[in-house]
Amino acid sequence: MSPDLDAGDYVIVNTWAYRRRGPDIGDLVVLRDPEAEGRFLCKWIAGALGSGLYAVRGYNEAMSRDSRSFGPVPAGLIVGKVWLSARADRRRTLGPESPS
Amino acid sequence: MALLHSLLTLLDRVSPAKIAYAHCDIPCGIYDPHHAQMAAHTVIRMVDLIGQLEKPGPNATADQRQEYMNKLARYVATKEQHAEIFKTEVRVLWGDYFKPEHVQQFPNLHDLVWKSLKSASKGRQEINLQAAEDMLRQANEIATIFWKTKNVSTYSAKSPYVTGRETVYPKIG
């Protein structure tokens with residue numbers, strides 16, 4: 001999902017965000033993986049399809065497994081809205097010889 | 001944000017956070033054991049063709065020897081290539097498609113995959129019809145499990161190819 005999220009980043013999730021209303025298009029959400037029990041995914045809402053179904057996508061579309069492969073996800077699988085993300089220190093993570 | 005990340009790292013050590021995956025491997029979601037089954041059929045066919053080759057006798061001409069060598073080399077090369085395709089396809093299913101819950105549901109899956117790769121190695125190294133038959137049988141067993149994980153029923157029928165072996169197909173449509 002780079003550049004918005006990278007391995008090792010923390011996200012703080014508001015699990016109350018969708019108690020009274022559904023997600024908006026563009027929301028970054030954490031959801032339960034429809035294809036793997038106990039696994040969580042972090043995707044953005046690409047569309048509201050009605051009947052409580054949502055299309056989700058990864059920001060890095062070429063590398064993302066999302067609604068294009070597993071189809072629309074029911075609202076019940078959406079855990080909450082990403083409220084804050086804390087990025088890892090890339091310089092420290094990648095080391096001094098990294099080109100970045 | 002680096003400070004917040006450091007604080008959350010400390011918190012994570014005390015009370016580990018759940019992991020959310022933001023991106024995965026290339027996500028086509030398109031997997032099919034048919035490629036492995038086809039590769040096994042090809043290996044069987046190549047072993048058959050090698051067995052049918054008439055070896056040049058002591059009075060064979062240079063052209064006849066050359067023709068024999070050419071055909072043998074081509075059959076062996078194709079057998080090698082398709083045994084490797086088989087291994088690649090099974091590895092992709094194993095590494096990319098099957099998930100821990102599939103192994104729980106089908107406890108023989110690990111052993112089956114491992115044995116199928118061993119059969120393919122043997123089928124590649126040797127001119128060995130039994131190894132090639134094992135490849136197809138194991139590919140069929142993998143196909144049966146694969147389609148069960150997708151709630152697609154299967155049936156077994158003789159293949160329409162010249163090999164004519166029993167092959168597992170999904171009931172689709």
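Author: A residue counts as buried when its relative accessible area is under 20%. In this predicted model, 36% of the 173 residues of chain B count as buried.

Reader: What makes one side of H5(B) the buried one, and which residues are buried there?

Author: B:Leu109, B:Leu112, B:Val113, B:Ser116, B:Ser119, B:Ala120 and B:Gly123 are buried in H5(B), so each has a relative accessible area under 20%. They cover an arc of only 125 degrees around the axis, which is why they are on the same side of H5(B). In an α-helix, with 3.6 residues a turn, residues three or four places apart point the same way.

Reader: What covers the buried residues of H5(B)?

Author: The cover includes four helices of chain B: H2 (34-52), H3 (62-97), H4 (100-105) and H6 (129-149).

Reader: How do you know that the span of helix H5 of chain B is close to the expected one?

Author: Helix H5, residues 109-125 of chain B, has 17 residues. The expected span is 1.5 Å times one less than the number of residues, and for this helix that comes to 24 Å. From first C-alpha to last, helix H5 reaches 24 Å, so the span is close to the expected value.

Reader: Why should residues 90-100 of chain A not be read in detail?

Author: The mean pLDDT of chain A is 79, and 78% of its residues reach 70 or more. Over residues 90-100 of chain A, however, the pLDDT is below 50. Where pLDDT is low, the predicted coordinates should not be read in detail.

Terms used: Residues numbered from 1 in each chain as written. Chains lettered and ligands numbered in written order. Predicted model: local features only at pLDDT ≥ 70, side-chain atom pairs only at ≥ 80, totals over all residues. Heavy atoms only, no water. pLDDT = per-residue confidence, 0-100. Contact = heavy atoms within 4.5 Å. Buried < 20%, exposed > 50% of the residue type's maximum accessible area, 1.4 Å probe, protein only. Helix = DSSP H or I, 4+ residues; strand = E, 2+ residues; numbered from the N terminus. Arc of directions from axis to C-beta.
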